[in-house]
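Here is a short briefing on one structure. It covers backbone geometry, a pocket, helix packing and disulfides.

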Amino acid sequence: MKSTALLTGLLATLGQAQTTPKAPEFDWTTLTPSTSLSYSTCYEEYKCAKLSVPLDWLNNSTTNSTSRVTIAIIALPATVAETDPSFGGTIVTNPGGPGGSGVEFLLEAGKLLQGIADGDKHYEILSFDPRGVGRTEPKADCYNNELSRDINALQMRSIGALDDGLDNVRRQTSLIGSVGRLCANGPDIFKYISTASVARDMVEIVDKIDELRNSNGTAGTALRTRGGPRGLHARQQKDVPRLQYWGFSYGTVLGNYFASMFPERIGRVILEGVVDVHDYTEGKWSKNLQDTDKDLATFYTTCFAANTTCALYKPGDKSANDIRERVNDFLDALDRSPAQYVSGSSAEEITKSDVLNLVFSALYQPMETFPATALTLAEAMAGNFSILYAALGVPSAAAFCPSTVPTTYTWTQDAELGVACGDATPQNDLSEKEFLAFLAQQKALTPDFAANWARVRLGCKAWLTRPKYRFTGPFTTPAAASPPVPGKPAAPLLFVSSQYDPVTPLANAVNMAKEHTGARVLLQQSAGHATLTTPGACRDRWIKKYFATGEVPPENTVCQPDCVPFQPCPQAPVLKRSLLAPRSGAPGAQRSKKGPLSLDG
């Protein structure tokens, strides 16, 4: 996945998304780790802290520095003072992955999240880099050497797609196996980065937020009373601090873990772009691609509807299928004979797999990436591969000077492997026959994108390190109580989904909601991974109401989006890079640092 963390976006790659100023840099080494939240101003308008927590929550009696984890935390203050009656507390968010940097996510999306959540109540938005990730220490980096990481990634690209023959399967299995052995000899932190450990870290974060507000004298009625007759009312004397949470993609796994492990700590929990937690913990990765081709179909139908606004449209087109057939003919031609491309001193080939990766990446955020992808494809089909080549992110020698030691967050895939494969039932005994059956099952769902996604199973087959703290369920919560009472959630969970999500289908949200008493599903009839970057006033109203009062929508509530791809959308968020799209190493990622395996869920 993407080295610098959130996420590889086509508009950023093409240089078309630099419409907002780049956030100023901040030196995290100036912060001193503390067992309390000790904030310093950072990135001009945010506040940052390093929270020290036990390395091993099952044995947290030790306090020396070698047995601690330092969690990088960032918060966007509310637009009102914490003493204001409309202050609604803190919403904690996680961008997914696993391996996504909460710091990077908040810098990019914090104001977007705040704008959606704020209504009668106004919220502080907080995120953090989970264990092993980004600015949190120790880091879960198997390589600690960018040259080695890139060589491995280039080797993987040179092997070719998993569905191009049994030899490719065996070679990828071998190369990924070597990564598993490398990581097994890597940092000890891999034993302590499980989702269960991160969920326990979130309890600590919530407690420290409450502790800080009490010490500042802001935790009175204004904080503890949240919203009207259905709100969190004044917290009872013996009640505990509660979490307000908004998690995306893998962040729904983290939220499901938290809710199931600590139901008495639930204030509000929104899970958006929902992963089937049972499929995840069983290590199957079989419930992700059910709606991928429906999302792809949206690319072509919205392109056709946009007429000449879409770069792939031609005046003689009678239907979306005309556009799709031209693209498929182009892909078939690349499959027979990859394109030759020369850039400076580099001579490269561009394959069908390269193009499919680009298209898969675009399916995550249609509003932002469909137009750019159409342009990239149109240019390539006309013989100009320069934009497509730039999206591949082939490394240059300058990337390794003056040192091969990473200076930015480049070990996303390593952290991702450690979390996802450690959380799952061990896959080391997965046979070649079983893997080929899995690959065939995925190809039946989506012939073009299954091979990339299937590598996740090979990654976990190779993973050797087991976590010290692992939770396997039950994944459920009791009925909520309002006003809240000790031991019960203060509100039911709210699941949010798009209509056609490329990696977390609507069925997952429906099935997960059934396991949490009183939970509801809010559907927005848009395409793409989750709904965050597709504006929707109807969705926004329900999210505001839920955070403020705990009220969930009626059964079968459906919201319409405000915009569709390729059409003008003044209210669309202006982003410096894509959110919730696959990072390097995830299926469809276009950077060479992606490594041998793919996960994003």
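Ser249 sits in the loop between strand 6 (243-248) and helix 7 (250-261). Helices (H or I, at least four residues) and strands (E, at least two) are DSSP runs, numbered from the N terminus. The model is predicted: local features need pLDDT of at least 70, side-chain atom pairs count only at pLDDT 80 or more, and totals for chains, interfaces and linings use all residues. Residues are numbered from 1 along each chain as its sequence is written, and side-chain values use heavy atoms, with hydrogens and water left out.

**Backbone geometry**

- Most residues other than glycine have a negative phi, and most peptide bonds are trans.
- Ser249 is not a glycine, yet its phi is positive, at about 60 degrees.
- Gly97 and Pro98 are joined by a cis peptide bond, with omega about -5 degrees.
- Pro98 lies in the loop between strand 4 (87-94) and helix 2.
- Ser482 to Pro483 is also a cis peptide bond, with omega near 0 degrees.
- Pro483 belongs to the loop between helix 16 and strand 10 (494-500).

**Second largest pocket**

- A pocket is found on a 1 Å grid over the protein atoms alone, as an open set of points where a 1.4 Å probe fits, with protein on both sides within 12 Å along at least five of seven lines; lining residues have an atom within 4 Å of a point.
- The second largest pocket holds about 790 Å³ of space, where volume is the space filled by probe spheres set on the points, and grid points are joined across faces, edges and corners.
- Its lining has 36 residues, and Gly160, Ala161, Thr351, Ser353 and Asp354 are the closest to the centre.
- At least two lining residues come from each of helix 3 (146-159), helix 4 (166-184), helix 10 (320-336), strand 9 (346-350), helix 11 (352-362) and helix 16 (450-462).
- Helix 11 gives the most, with six residues.
- By class, the lining has 15 nonpolar, nine polar and 12 charged residues.
- Ala, Val, Leu, Ile, Met, Phe, Trp, Tyr, Cys and Pro count as nonpolar, Asp, Glu, Lys and Arg as charged, and the others, Gly among them, as polar.

**Helix packing**

- Axes are lines fitted to C-alpha atoms, for helices over the stretch in contact, and angles run from 0 to 180 degrees between N-to-C directions.
- Helix 10 and helix 11 pack at about 140 degrees, with axes 8 Å apart.
- Phe330, Leu331, Asp332, Leu334 and Asp335 of helix 10 meet Lys352, Val355 and Leu356 of helix 11; contact means heavy atoms within 4.5 Å.
- That contact has five nonpolar, no polar and three charged residues.
- The axes of helix 2 (residues 102-117) and helix 18 (residues 537-549) come within 7 Å and cross at roughly 80 degrees.

**Disulfides**

- The model has six disulfides, each a pair of cysteine sulfur atoms within 2.5 Å.
- One of them joins Cys42 to Cys48, with S to S 2.0 Å.
- The link of Cys42 and Cys48 is right-handed, with 75 degrees about the S-S bond.
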